[in-house]
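Hi everyone, thanks for having me. Let me put the structure up on the screen, and then we can walk through it together.

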Amino acid sequence: GRGQCWQVDPKGLRPPQRTELVEPRGGNFESMAYDASDDPVFFITEDHERGALRRFTPSCTDGVGLSWNLLHLPGRLDYLYVTSNSTFEW
């Protein structure tokens, strides 16, 4: 349905929260992954045989307790592009 997912606290300290992914109108997304390295990013796949792979990078990642809110902050949305010589770029 409309690009929604459930954000779940692995420690159980917060109740699950329905989250709209990246685009206000939603989308037909299949899966999502979170890379919590120094510069956190989210990867989102579209549920379609030719669906896009999106990478969402929040603009601001500073602050205590902010990680729960990262999907709700402004950020940059990139699409994976596979070039004609089978390499890729964002």
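Here is something to look for: which residues form one aromatic cluster? They are Tyr34, Phe42 and Phe56. Before we go on, a word on the source: this is a predicted model, where local features need pLDDT of at least 70, side-chain atom pairs count only at pLDDT 80 or more, and totals for chains, interfaces and linings use all residues. Residues are numbered from 1 along each chain as its sequence is written, and side-chain values use heavy atoms, with hydrogens and water left out.

Now to the rings. Rings of Phe, Tyr and Trp (for Trp, its six-membered ring) pair if their centres lie within 6.5 Å; planes under 30 degrees apart are stacked, over 60 edge-to-face, and the rest tilted. That rule gives three aromatic pairs. One of them is Phe42 with Phe56, a tilted pair with 6.3 Å from centre to centre and 40° between the planes. Phe42 sits in strand S4 (residues 41-46) and Phe56 in strand S5, so this pair ties together parts that are 14 residues apart in sequence.

Another tilted pair is Phe43 with Trp90, with centres 6.0 Å apart and planes at 50°. Phe43 lies in strand S4 and Trp90 in the segment after strand S8 (88-89), so parts 47 residues apart in sequence are tied together. Phe43 is partly exposed at 25%, and Trp90 is partly exposed at 33%.

Next, the sheet. Four strands form an open sheet in the order S3-S4-S5-S6, with antiparallel pairing; two strands pair if DSSP finds at least two bridges between them. At the edges are S3 (29-35) and S6 (75-79), each pairing on one side only. Five bridges join S5 (residues 53-58) to S6, and Phe56 stands opposite Leu77 in S6.

Last stop: Ser59, in the loop between S5 and S6. Ser59 is exposed, at 59% relative accessible area. Ser59 and Arg76 are 17 residues apart in sequence, yet 6.9 Å apart in space, C-alpha to C-alpha.

Methods: Helices (H or I, at least four residues) and strands (E, at least two) are DSSP runs, numbered from the N terminus. Buried means under 20% relative accessible area, exposed over 50%, partly exposed in between (1.4 Å probe, protein chains only).
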